[in-house]
Amino acid sequence: MKRIALLGMPNTGKSTLFNRLSGSSARVGNWPGITVDLKSAKILIGGHIAELIDLPGLYDLQGYSDDEQVVRHFLSNNNLNLIIIVANSAQIDRQLSLAIQIRALSLPCMLLLNMSDEARKTGITIDAEAMSRKLGMPVVKISAKYGDHCPEALRTAAELLSKPVVHIDTKHIGDQLQKDLNIEAEMESILQGTVQMPIQLGNNLTSRIDSLLLHPWFGLPIFFTAMYVLFQFIFNVGKPFQDGIAWLLTLFRTNALEPLLLNTPAWLSGLLLDGLYNGIGTVAAFIPIIVLFFLIMTMVEDSGYLSRAAFLVDALMAKMGLDGRGFVMVLMGFGCNVPALMGTRVMRSKNMRLLTMLVIPLSLCSARLQVFLFMTATLFTANQAPLVLFTLYLVSFSTIFITALLFKNQYKNDEPFILELPPYRFPTARQIWLRGWQEVKYFIRRASKFITIGVVLVWALTHFPMNVAPASNGTLAGQIGEWFSIVLTPIGIDSQLAIALIFGFVAKEIVIGALAVIYGLQGDALMHLMAHKLDWVQGMSFMLFTLIYTPCLSTIITLKNEAKSWLFAWISILWSLTLAWGVSFIFYQSARLLGF
Amino acid sequence: MNPLKLKNLNSLNPGESALISNIDADNSLFLRLAALGFRAGKEIELVRCASFKGPLQVRIGSTDIIIRRSEASRIQVKSS
């Protein structure tokens, strides 16, 4: 099979082209020695079946960033039949450097001048034929977004593929990558006579929008308002969909699965229904949120606003070792940690991304909010409850700051913070849907196995041995609660609450349902009993612990998938457990010392 | 002020343009800047600065770029 690599600088529409060429057949693959996901797809091109690989964006083949190293590693370890270089036509005066560097590798290559529609509008004219002659490779003007001239580009690619294969030793490529070329002079000579740029450039509409959106006084308020509106949209629209899926799953369970399993032993039906089937339900609950999140995020990202957000809040973020895009993801984490973690992929520096992923699970997500709404209504008066909730949000923000400050030297970002501000653009509906769909597919494929295993495991812990009541002190979970009483008693958590915490590992909102099972009561009766059994200091300590103690199962699996490291997921779990215990201990003991 | 005097990119006023005269950066920063069009002799405009000592927005040719002050301090410019 032939192998084609797509390569280009960031913001050249390379991924848009990849999506256009591959349709929805793209898959995420692992490549030897490469620690980031590379998308690839099998495409039919002029009678050849070829594997098309979307390489990460890079500025310079000799650059030092994580992505630049990935591309270098890929080029010098894989045999390629063709390299397609994608450049932004409007910036060809500087992006030509990459084509010159690639040409030196002596692999078959071609240059696509993307966004040619935009360039034409700004008055840039490029003579592709003349450029092709001077550069010594085919040059085609296209618009990946609208598909203009893409068939022509594919025909050219097919011609290059049908030429006899010149085997180039990857060692030669490795050597070439080291060499210095006189790029600047070369660029000048190629641009001479092939490209005409108007003297006064700059997109007027973009400049006008920027003068409002990046305004020294209005910029930040507009940013926070926009984030608030988008946040409300994602999670309020997502809720009815989640409820709908849950309703359908319950319907199927009570009308089909339960009658079917009526005569099977209790352990088996429990395992299948409360373990396996609930595991599937846990995965399904994320689907609407992930789709909506990426629909919105694709718009924010592709419109160019995400880079502007980075500009607006960078002053604060830089001190924490994060950047503005990370801040947007942390904010979204307050809705749900899982898509927020997936969204950090937009940050290209590995260390900065890991640091952002470490703090996101500390944000008070809507699942935790449900627990706190219930607990505050149980233990506090209507006047106190909002204040308690506000305090929990403050604690959440503080743990994020503290964690970022403590770990910023471990995950030190060594890439220069220099971002392009692309002109404002409207992504097409196709781009938006495709992204939402791809991300959900990715989540289901990568996460459903481990999430289901986790749910089954928690079911087993809370239901075995079978001769005692489920979720009682006699179960394995109860025994674990007993073992840990030495550390849990000093923070006011008894063994029954400990069982609820073990349930909460699956998904934090389950804590309330678990308490209902543990105490055998529901609704008002449960509230009444809890108000009787717990004083407010214990309740608050329990809430603080629930807020921080461990990311939920789905978050942990996503952390592992995104970081490609179980170690990182474990660091996150251990750190949050330590921090949770510390915060609860300080709160509980000081409150008791003060006589509460 | 002497119009030919070198100054730091940081010290330009919003809306002011200048010519890049010298980039004093390590290899990684230098390559990134070069790929984005930062080269000696090129005209650069400081478009605006973010509040609270945040990054700068600069324009070179057809590209708008945000750059932190620490990195901008590596770039010397002279008035055009």
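Colleague: At roughly what angle do the axes of helix α17 (residues 384–407) and helix α24 (residues 536–548) of chain A cross?

Modeller: The model is predicted: local features need pLDDT of at least 70, side-chain atom pairs count only at pLDDT 80 or more, and totals for chains, interfaces and linings use all residues. Residues are numbered from 1 along each chain as its sequence is written, while chains are lettered from A and ligands numbered from 1 in the order in which they are written. Helices (H or I, at least four residues) and strands (E, at least two) are DSSP runs numbered from the N terminus, and axes are lines fitted to C-alpha atoms, for helices over the stretch in contact, with angles from 0 to 180 degrees between N-to-C directions. The axes of α17(A) and α24(A) come within 11 Å and cross at roughly 40°.

Colleague: Which residues of α24(A) make the contact with α17(A)?

Modeller: Contact requires C-beta atoms, placed from the backbone, to lie within 7 Å. From α17(A) come A:Leu392, A:Val395, A:Ser396 and A:Thr399. By class, the contact has six nonpolar, two polar and no charged residues. The residues of α24(A) are A:Met543, A:Leu544, A:Leu547 and A:Ile548.

Colleague: Which element gives the most to the side of chain A that touches chain B?

Modeller: In this interface, 28 residues of chain A are in contact with 26 residues of chain B. On the side of chain A, α3 (92–103), α12 (305–319) and β10 (418–421) each supply at least two residues. With six residues, the element that gives the most is α12(A).

Colleague: Which residue is the bridge partner of A:Leu419 in β5(B)?

Modeller: Strands pair if DSSP finds at least two bridges between them. β10(A) and β5(B) (residues 63–67) run antiparallel and are joined by four bridges. Within β5(B), the partner of A:Leu419 is B:Ile66.

Colleague: Which strands stand at the edges of the open sheet?

Modeller: Seven strands form this sheet in the order β10(A)-β5(B)-β4(B)-β3(B)-β2(B)-β6(B)-β1(B), with antiparallel pairing. The twist averages 40° from one strand to the next. Each edge strand has a single partner, so one side of each is left without a neighbour in the sheet; these strands are β10 of chain A and β1 (6–8) of chain B.

Colleague: At about what angle does α12(A) run to β10(A)?

Modeller: α12(A) lies across β10 of chain A together with β4 (56–60) and β5 of chain B. Its angle to β10(A) is about 130°.

Key: Contact = placed C-beta atoms within 7 Å. Nonpolar A, V, L, I, M, F, W, Y, C, P; charged D, E, K, R; others polar.
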